[in-house]
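Open the model in your viewer and keep the selection tool at hand. The tour goes from one selection to the next and says what is there.

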Amino acid sequence: MTIRTGETGRRIAFLGTGLMGAPMARRLLKAGHAVTVWNRDRSKAEALAAEGAVVATIAADAARDAKIVFTMLSDGGAVGNVLIDQGVAEVLKAGAVIIDTSSIAPPIARAHAEMLAERQVHHIDAPVSGGTVGAEAGTLAIMAGGDGSVIAELHDVFAPLGRVTHVGPAGAGQICKLANQQIVAITIGAVAEAMMLVQAGGADRGKFRDAIRGGFAESRILELHGKRMVDRTFQPGGSSRLQLKDLDAVAAMSELFGLDLPLTSVIRDEFRNFVADGHAETDHSGLLLHLEKTNDDQGEKVR
């Protein structure tokens, strides 16, 4: 079963209009698509009404006449609740497509794909990377698992959001997102430790960041999260709670595959402690605060 190509102005439902979902829905609206939005906190959906979105009271009503349904929710439990408990899967017509841009465990994504296939509904697990900056600019990296032909037919839908890559069958997008989150977390830790080292040695953190830009240490983490560390602004673009959730999922997958991932294990412990210390909603670049506190505590013990 395929979807029609050559359409313009697709009928889209977008479920979950939080930090990431709202700018993504906004870009779809600006691209000329008819978008109905739903969010558990209705006020976050209503903020898009002025830009042309139709606001639905319940998730199933948003999805009822949609050919394409995006989900951008906190975790696999939230996605399952919307699809099954709130009746979204029930109202979808054969040939519709669910594009789940949430970051969830790969086995859950595969289970959702199997459940929807029984209803002749396509499922694409398409988690994204790039944070709120990428969502607003339409430069997200989109890792898509599922039927490659369906993904190709949705080029006009993905294009306003960023660059999509078909990475494999159902669940493959989520595996790639977890790998992405490994790199993000470990690199945040490396940048934070480097910031501490240069300051302890008498250098300026901001000048250090400027000096190494364009060298082998250049990265989006250094550019964006490094700047947050220099400016000490840690309002969440990506919360530490969600970073820890992804690292917990990596740990589960590494156990399943029999892999030893020592760097991931260490950074997971640091984020667990940071979240437990009251920083669940602090941006993950705020791990710097945790490492600084750890060093201060150790200094007190020595003194």
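In which helix does glutamate 292 lie? Select glutamate 292: it is part of helix α15, which covers residues 287-302. This is a predicted model, so every stop describes a prediction.

**Stop 1: glutamate 292**

Is glutamate 292 buried or exposed? Its relative accessible area is 14%, and a residue under 20% counts as buried, so glutamate 292 is buried. Now show what surrounds it. Leaving aside neighbours within four places in sequence, glutamate 292 is in contact with Met196, Arg205 and Arg232. Then pick leucine 263, which is 29 residues away from glutamate 292 along the chain. The C-alpha atoms of these two residues are separated by 19 Å.

**Stop 2: arginine 228**

Select helix α12, residues 220-231, and find arginine 228 in it. Arginine 228 has 19% relative accessibility and counts as buried. Which residues does arginine 228 contact, leaving aside its neighbours within four places in sequence? They are Thr233, Phe234, Gly237, Asp283 and Ser285.

**Stop 3: valine 191**

Go to helix α10 and select valine 191. With a relative accessible area of 10%, valine 191 is buried. Beyond its neighbours within four places in sequence, valine 191 is in contact with Ile221, Leu222, Gly226 and Met229. Phenylalanine 271 is 80 residues from valine 191 along the chain, and their C-alpha atoms are 15 Å apart.

**Stop 4**

Two packed helices are described by the angle between their axes and the distance between the axes. Show α10 (172-200) together with α13 (240-257). At what angle do α10 and α13 pack? The angle is about 115°, and the axes are 9 Å apart. The crossing is left-handed. To see where the two helices meet, select Ile175, Leu178, Gln181, Gln182, Val184 and Ala185 in α10. On the α13 side, select Gln243, Asp246, Leu247, Ala249, Val250, Met253 and Phe257.

The contact involves residues of α13 including Ser240, Arg241, Leu244 and Asp248. Among the residues of α14 that take part are Thr264, Ile267, Phe271 and His279.

**Stop 5: helix α6**

Select residues 106-117, which form helix α6. At 1.5 Å a residue, its 12 residues should span 16 Å, and the end C-alpha atoms are 16 Å apart, which agrees. Which residues of α6 are buried? They are Pro106, Ala109, His112, Ala113, Met115 and Leu116. These buried residues pack against α4, α5, β5, β6, α10 and α13.

**Stop 6: the aromatic pair**

How many aromatic pairs does the structure hold? There is 1. Phenylalanine 14 and phenylalanine 70 form this pair, which is stacked, with 5.2 Å centre to centre and 10° between the planes. Phenylalanine 14 lies in strand β1 (residues 11-15) and phenylalanine 70 in strand β4 (residues 68-71), so the pair ties together parts that are 56 residues apart in sequence. Both residues are buried.

**Last stop: confidence**

Colour the chain by pLDDT. The average is 94, and 96% of the residues score at least 70. Residues 1-7 have a pLDDT below 50. This stretch has 17 contacts in the model beyond near neighbours in sequence. Where pLDDT is low, the predicted coordinates should not be read in detail.

Conventions
Residues are numbered from 1 along each chain as its sequence is written. This is a predicted model: local features need pLDDT of at least 70, side-chain atom pairs count only at pLDDT 80 or more; totals for chains, interfaces and linings use all residues. Side-chain values use heavy atoms; hydrogens and water are left out. Rings of Phe, Tyr and Trp (its six-membered ring) pair if their centres lie within 6.5 Å; planes under 30 degrees apart count as stacked, over 60 as edge-to-face and the rest as tilted. Helices (H or I, at least four residues) and strands (E, at least two) are DSSP runs, numbered from the N terminus. Buried means under 20% relative accessible area, exposed over 50%, partly exposed in between (1.4 Å probe, protein chains only). The expected span of a helix is 1.5 Å times one less than its number of residues. Contact means heavy atoms within 4.5 Å. pLDDT is the predictor's confidence in each residue, from 0 to 100. Axes are lines fitted to C-alpha atoms, for helices over the stretch in contact, and angles run from 0 to 180 degrees between N-to-C directions. A crossing is left-handed if the near helix is turned anticlockwise from the far one by less than a right angle, and right-handed if clockwise.
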